[in-house]
Amino acid sequence: MTPVILASSSRYRAMLLDRLGLDYEQHSPAIDESHQPGEDPEVYVCRLAREKAQAVAARMPGRVVIGSDQCSSRDGDILGKPHTRERAIEQLLGFGGRRVRIATAVAVYDPDSARTRSAYVPTDVYFRRLERSAVERYVYAESPLDCAGAFKAEGLGVTLFEKIRGDDPNALIGLPLIALTDLLAQLGIKRP
């Protein structure tokens, strides 16, 4: 089997990929992740997932490379990772009582064909009406500063939600395993 690389330094994506029982290495893609003017969330995350996979594939030929990207958006506006507690609190307060789209894409580079296949997996998160004190407690408890949307769906972030609509709960964490399993199967990498 061709060795697999996860083109990401994310511990969340590695934790998810571990669930598939694959032998893999993890390498940072080190690309510019800025979004282009007028680029919508779907195009943005699909482009970055492909670019991440291709950047690592260029440095490590002959390897299957998995790239993934994610962003949150409200009313079509891309919202970045908050990086500070204050921005996380403000971002979450802006989500209260609203629907937020979490756009996640995964791409797999095939070294045999030099082709990159990708999939887009949107998830809609409907937030409860949120009070500042509850949001502040959440941010201080979980410190989701490196998470798209300023929440950790695998943790206490679910307490902020009213409901979730999507095809793969793993997409909320950053790597849609259902789509990834399909993409890997196209390369002959099958999981039980």
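## Helix 5 and its buried side

The buried residues of helix 5 (177–185) are Leu177, Ala179, Leu180, Leu183 and Leu184; buried here means under 20% relative accessible area, with exposed over 50% and partly exposed in between (1.4 Å probe, protein chains only). Because these residues cover an arc of only 155 degrees around the axis, they sit on the same side of helix 5. The arc is taken from the directions that run from the helix axis to the C-beta atoms. Helices (H or I, at least four residues) and strands (E, at least two) are DSSP runs, numbered from the N terminus.

This is a predicted model, in which local features need pLDDT of at least 70 and side-chain atom pairs count only at pLDDT 80 or more, while totals for chains, interfaces and linings use all residues. Residues are numbered from 1 along each chain as its sequence is written, and side-chain values use heavy atoms, with hydrogens and water left out.

The buried residues of helix 5 pack against helix 1, strand 3, strand 5 and strand 6. Contact means heavy atoms within 4.5 Å. Take Leu184: leaving aside neighbours within four places in sequence, Leu184 is in contact with Leu20, Leu22, Val64, Ile66, Val108 and Ile189.

Of the 24 residues in the largest nonpolar core, Leu17, Ile66, Val106, Leu175, Leu180 and Leu184 touch the most other members. A nonpolar core is a set of buried Ala, Val, Leu, Ile, Met, Phe, Trp, Tyr and Cys residues joined through side-chain atoms within 4.5 Å. Two or more residues of this core come from each of strand 1 (4–7), helix 1, strand 3, strand 5, strand 6 and helix 5. Helix 5 provides the largest share, 5 residues.

A second, separate core has 20 residues, including Ala88, Ile89, Val125 and Leu172.

## Helix 3

Two of those names lead us to helix 3. The buried residues of helix 3 (residues 85–95) are Ala88, Ile89, Gln91, Leu92 and Phe95. They lie on the same side of helix 3, because their arc around the axis is only 165 degrees. Their packing partners are strand 3 (64–74), strand 4 (77–79), strand 5 (99–110), strand 6 (115–127) and helix 4 (132–142). Just after helix 3, Gly97 takes a positive phi of about 70 degrees.

## The largest pocket

The largest pocket holds about 610 Å³ of space. Of the 34 residues that line the largest pocket, the closest to its centre are Arg13, Glu33, Gln70, Lys81 and Asp146. Strand 3 gives the most to this lining, with 4 residues. On a 1 Å grid over the protein atoms alone, a pocket is an open set of points where a 1.4 Å probe fits, with protein on both sides within 12 Å along at least five of seven lines; lining residues have an atom within 4 Å of a point. Grid points are joined across faces, edges and corners, and the volume is the space filled by probe spheres set on the points.

## Two residues to look up

His35 lies in the loop between strand 2 (24–27) and helix 2. His35 counts as partly exposed because its relative accessibility is 43%. Beyond its neighbours within four places in sequence, His35 is in contact with Tyr44, Arg47 and Ile78.

Ala57 is found in helix 2, and counts as buried because its relative accessibility is 8%. Again leaving aside neighbours within four places in sequence, Ala57 is in contact with Val65 and Tyr109.
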